[in-house]
Amino acid sequence: MTQLPLRAQLASALGRTAATLSRATGRGDGSVIGGRVGLALEPDLLRKLARDRRLALVSATNGKTTTTRLITSALQELGDVATNAFGANMPAGHVSALSSAKDAPYGVLEVDEKYLPEVIETTGAGVVVLMNLSRDQMDRAAEIWLLAQKWRRALVARNTHVIANADDPLVAWGASTAARVTWVSVGQPWKEDSWCCPECGGPLDRGGMDYVPPGGHAPGVAVRQADGSVPAAPGSPAGPGGPGGGLAENDWACRECSFRRPAPSWFLDGDTVVDPRGQRWPLDIRLPGRANRANAVVALATAEAFGLPVQRALPRLAEVTSVAGRYTTVEREGRQARLLLAKNPAGWLEAFDVLDPALPVILSVNAQGPDGRDTSWLWDVDYRVLRGRPVYVTGERRLDLALRLDVAEVPFQLTESFGHALAVQPQGKVDVIANYTAFQQIRSEFGRAV
Ligand SMILES: [Zn+2]
């Protein structure tokens with residue numbers, strides 16, 4: 001790497017000192033304050049730190065921290081990798097990550113969806129990874145459409161190689177202005193934000209309607225009859241079987257314009273990844289659930305964009321066992337609680353997929369700043385999957401969740417704290433789903449994960 005200019009070197013060094021002081025005084029991991037100090041002294045520091053490195057930026061509503069970790073693990077096969085492992089995913093966090101690994105030839109940066117255009121421009125990253133876009137806290141569909149539109153503008157006329165999930169219509173639209181896209185098919189379990197064509201606003205036909213939205217189906221969407229057939233909608237040009245019926249699973253197409261799913265070259269097929277040459281590889285990873293198998297496919301496609309073949313990347317993915325405390329277990333008095341983080345409706349679906357159906361589950365919901373103050377999103381989640389197992393509800397906004405579960409006719413017990421909920425469990429394992437600050441509270445109160 002070429003030497004940084006003197007001012008940038010100084011800004012970078014002072015930033016690292018501030019980060020060290022922040023950690024030493026117990027004010028967090030220091031990655032944000034360190035980056036802020038560096039940027040205050042040299043506003044162009046991120047651009048300078050990014051120069052001469054091969055960078056991947058990773059953005060999505062869900063899974064970006066985990067996927068960043070998986071790609072980082074894979075690329076370590078090639079050399080040192082700078083990364084923002086603590087989820088500080090705005091420019092100050094990026095400065096801190098690159099500054100603390102000055103000589104790393106590679107960088108993998110998790111990027112907040114809103115900051116992505118700015119960070120693409122500043123870093124000139126060669127690879128951008130786009131996975132999913134859905135409502136998060138109070139963000140609604142119109143706002144995520146605006147985000148995707150900003151991604152499109154940021155990718156125009158750049159020599160960026162984008163790795164994108166073809167199964168998410170909004171992501172496909174957001175990525176489709178890029179000069180080069182590797183499309184991956186990793187599914188889209190949460191479809192509630194993608195019933196309309198992002199290009200023209202017309203209805204989207206969806207194949208493989210395996211998910212039934214809470215409260216029934218959105219208008220214009222195929223509803224399978226008891227005999228498995230799909231009634232044709234009036235005026236629908238769709239093929240045999242009516243709207244969606246002529247489409248394979250995960251496929252989608254606008255009924256009113258030419259926008260449709262791009263042809264993917266990588267696929268997630270159950271527990272297997274299919275690479276662009278059609279070769280199948282068992283996804284032998286330690287992280288649980290379908291969402292993490294999807295993240296692993298995205299990581300493998302990204303690794304290949306860096307010249308790393310599947311056979312070398314895959315064993316590296318298996319080394320990742322937990323990410324920022326997710327999927328780890330905390331223990332107290334013979335009870336082992338496995339921690340799952342779910343911050344928005346799509347995240348709850350992913351967490352439900354990981355739950356052990358034989359175990360009780362503790363749900364904890366807060367509504368502090370990082371969670372979003374408004375808990376109305378709880379009503380977007382279909383909780384009926386929890387019926388039939390012991391459910392405990394806690395957290396600062398436990399009454400909001402309790403009302404929602406009551407309406408969904410899911411039996412539960414209300415407990416005043418996570419500690420109480422854990423104490424009433426029999427000895428053994430229990431699953432926990434918590435949103436952001438609830439998750440952090442449990443981690444800090446119950447100490448190091450085991
Ligand atoms: Zn359309």
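Predicted model: local features only at pLDDT ≥ 70, side-chain atom pairs only at ≥ 80, totals over all residues.
Strand β15 covers residues 391-394, and β15 and β16 pair in the parallel sense over two bridges.

Next, show the whole sheet. This open sheet has six strands in the order β12-β13-β17-β14-β15-β16, and the pairing is mixed. Which strands stand at the edges? Colour β12 (329-332) and β16 (413-414): each has a single partner strand, so one side of each is left without a neighbour in the sheet.

Time to look at the nonpolar side chains. In soluble globular proteins, such side chains tend to be buried together. The largest nonpolar core here has 65 residues, and W348, Y383 and I433 touch the most other members. Select helix α9 (residues 290-305) as well: with eight residues, α9 gives the most to this core. Why does the core lie between domain 1 and domain 2? Domain 1 (42-207 + 247-317) and domain 2 (329-446) both give residues to it, so the core sits between them.

Zoom in on Y383. Leaving out residues up to four places away in sequence, Y383 touches W348, F352, L378, L401, R404, L405 and V410.

For the last stop, select A50, A125, V162 and W183, which are among the 44 residues of a second, separate core.

Terms used
Residues numbered from 1 in each chain as written. Heavy atoms only, no water. Core = buried A, V, L, I, M, F, W, Y, C linked by side-chain atoms within 4.5 Å. Buried < 20%, exposed > 50% of the residue type's maximum accessible area, 1.4 Å probe, protein only. Helix = DSSP H or I, 4+ residues; strand = E, 2+ residues; numbered from the N terminus. Domains from an automatic or database assignment. Contact = heavy atoms within 4.5 Å. Pairing = 2+ DSSP bridges.
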